[in-house]
Amino acid sequence: MPDFDILQPEEQRKILLGLAAEACPQPVWEGDMLHYTSQALHVSLEFGQVNSRDNLFSTQILFILKHDWFDEDLIQMFAGLGHSLEEAMKACVIEFTENILKPVLNALEHQGSEIIVSEIIHEKYKFHVPAQKIVLHKGTGKPVNLWNVIREKIPEYLGTKKVYWVNLFSVDRGKQQFCEARINGVVYPDLTDLLYQEIFDRKERQPSIDKLFLLLIQDEETYRPCPFTKQNVGDLTFFALDKMTEITDEASRQKIYQEIHKFCPDYAIAVELIAFLPEIVAQTVVNFRDNDALIPVFDYGKPEFELKKSQVRSYGYMADAVEQYFRKQQPSEEEVYRLLRSSGKFETVSRAIQDENIKIEDLRLSQLVYFVNRNYHVW
């Protein structure tokens, strides 16, 4: 066989996915993609950065999992090191197989008897927790049950989607700690804080790394299909952002908000575009630590409910679309400033930094409050 590094990308891809197929057998090939027919799961990969120095290779590979239950692709990036390109890339595949592929296949095949229940404005949603939880641990410290750390809190982060994937990562190196709690690829700071607190509460502190990936699947009894897709929200986001860059005063603001309502097929999406987009733009531009929570206020009354951003699926769709908008449309400084003028959080951050001399990393912002009527439904 020719050297791995001179093979064509499609040949390299076939070899690497073949390793995953050996570790998790019984897929069939569909072009350059694996198809696990019994679980209806498709697996593919794309190559990322490759670097080499002093005969040591580092590489990144994106692994893409598709399933009809996923409202968007499950994409995970893994990095690998090796004394050859092949060794580095195979290290990525091994990590992916152990960290992601095995837990996903296990959850799809055996949804588990443990049930957790989330609630959104009086509607309840039941989720199956995988019976087998594959925990990856390294170091001399004791393994940590990361699921127990977040178990009581995680229902607050689950909404109407059929599937949520949760990545938990905890590193303790004595003087340095790093933790991360992601839901469907997005970091949630308040949930991450629970992992940090677990480290600080330990009686014994020794070097350790703990990882856990879970696929939480909503029960058919409570699941309802969403009437819109991520692409629908993305298209509406581009439309709304273009309109919002035209806001120059209060009169134009109200006129444009009316146009957004008329253009949107759903009342909830229109309200969420107007409320969320300026704040997403502000967080994208300034990169402050935001709050995980959203508070819809009905008919300008008193707050009745608190939601998490992960429970309102349009928030994540809009956040992805904003990044694409900045990359593709490349709005001018004046247009970005007009978007930021509608953001209450940008005003708070600016005032704290300029007037109160507070460092941006020390800021803890409040929940995002937005106003709705009784027709509002969360998807």
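**View A. Lysine charges over tryptophan rings.** Lys-14 is placed over the face of Trp-29, 4.0 Å from the ring centre; a charge counts as over a ring if NZ of Lys or CZ of Arg is within 6 Å of the ring centre and within 35 degrees of the ring normal. A further case is Lys-162, whose charged end sits over the ring of Trp-69 at 4.7 Å from its centre. The model is predicted: local features need pLDDT of at least 70 and side-chain atom pairs count only at pLDDT 80 or more, whereas totals for chains, interfaces and linings use all residues. Residues are numbered from 1 along each chain as its sequence is written, and side-chain values use heavy atoms, with hydrogens and water left out.

View B. Strand S2 (residues 33-36) pairs with strand S3 (residues 41-53) in the antiparallel sense, over three bridges. Strands (E, at least two residues) and helices (H or I, at least four) are DSSP runs numbered from the N terminus, and two strands pair if DSSP finds at least two bridges between them. His-35 has His-42 of S3 as its bridge partner. Four residues separate S2 and S3 in this hairpin, and Ala-40 in the turn adopts a positive phi of about 60°.

**View C. The hairpin of S3 and S4.** Between S3 and strand S4 (residues 56-66) the pairing is antiparallel and runs over 10 bridges. Glu-46 is opposite Leu-62 of S4. Two residues lie between the strands of this hairpin, where Asp-54 has a positive phi near 55°. In a regular strand the side chains alternate between the two faces of the sheet.

View D. The strands form an open sheet in the order S1-S2-S3-S4-S5, with antiparallel pairing. Its edges are strand S1 (28-30) and strand S5 (74-82), each of which pairs on one side only. From one strand to the next the twist averages 30°. Helix H1 (residues 9-23) packs on the sheet and touches S1, S2, S3 and S4, its direction making about 115° with that of S3. Helix H2 (residues 85-109) lies across S2, S3, S4 and S5 and runs at about 145° to S5. Axes are lines fitted to C-alpha atoms, for helices over the stretch in contact (heavy atoms within 4.5 Å), and angles run from 0 to 180 degrees between N-to-C directions.

View E. The structure has 16 aromatic pairs, a pair being two rings of Phe, Tyr or Trp (its six-membered ring) with centres within 6.5 Å; planes under 30 degrees apart count as stacked, over 60 as edge-to-face and the rest as tilted. The ring centres of Tyr-157 and Tyr-188 are 5.6 Å apart and the planes stand at 75°, so this pair is edge-to-face. Distant parts of the chain are linked here: Tyr-157 belongs to the loop between helix H3 (146-150) and strand S9 (163-172), and Tyr-188 to the loop between strand S11 (186-187) and helix H4 (189-200), 31 residues apart. Tyr-157 and Tyr-188 are both buried (under 20% relative accessible area; exposed is over 50% and partly exposed in between, with a 1.4 Å probe and protein chains only). Phe-276 and Tyr-370 also make an edge-to-face pair, at 5.1 Å centre to centre and 80° between the planes. Phe-276 is in helix H7 (residues 267-286) and Tyr-370 in strand S15 (residues 368-372), so the pair ties together parts 94 residues apart in sequence. Phe-276 and Tyr-370 are buried. One aromatic cluster is formed by Phe-276, Tyr-315, Tyr-370 and Tyr-376.

**View F. Salt bridges between separate elements.** The structure contains 30 salt bridges, each a side-chain nitrogen of Lys or Arg within 4 Å of a carboxyl oxygen of Asp or Glu. One of them joins Asp-32 to Arg-13, with the closest N and O atoms 3.7 Å apart. Asp-32 is in the loop between S1 and S2 and Arg-13 in helix H1, so the pair connects parts 19 residues apart in sequence. Asp-32 is partly exposed at a relative accessible area of 35%, whereas Arg-13 is buried at 10%. Arg-289 and Asp-190 meet through their side chains in a salt bridge of 2.8 Å, N to O. Because Arg-289 lies in the loop between H7 and strand S13 (293-298) and Asp-190 in helix H4, this pair ties together parts 99 residues apart in sequence. A network of salt bridges links Asp-71, Glu-72, Lys-161, Lys-230 and Asp-320.

**View G. Surroundings of Thr-192.** Thr-192 is part of helix H4 and counts as buried at 5% relative accessibility. Apart from neighbours within four places in sequence, Thr-192 contacts Cys-179, Glu-180, Ala-181 and Val-187.
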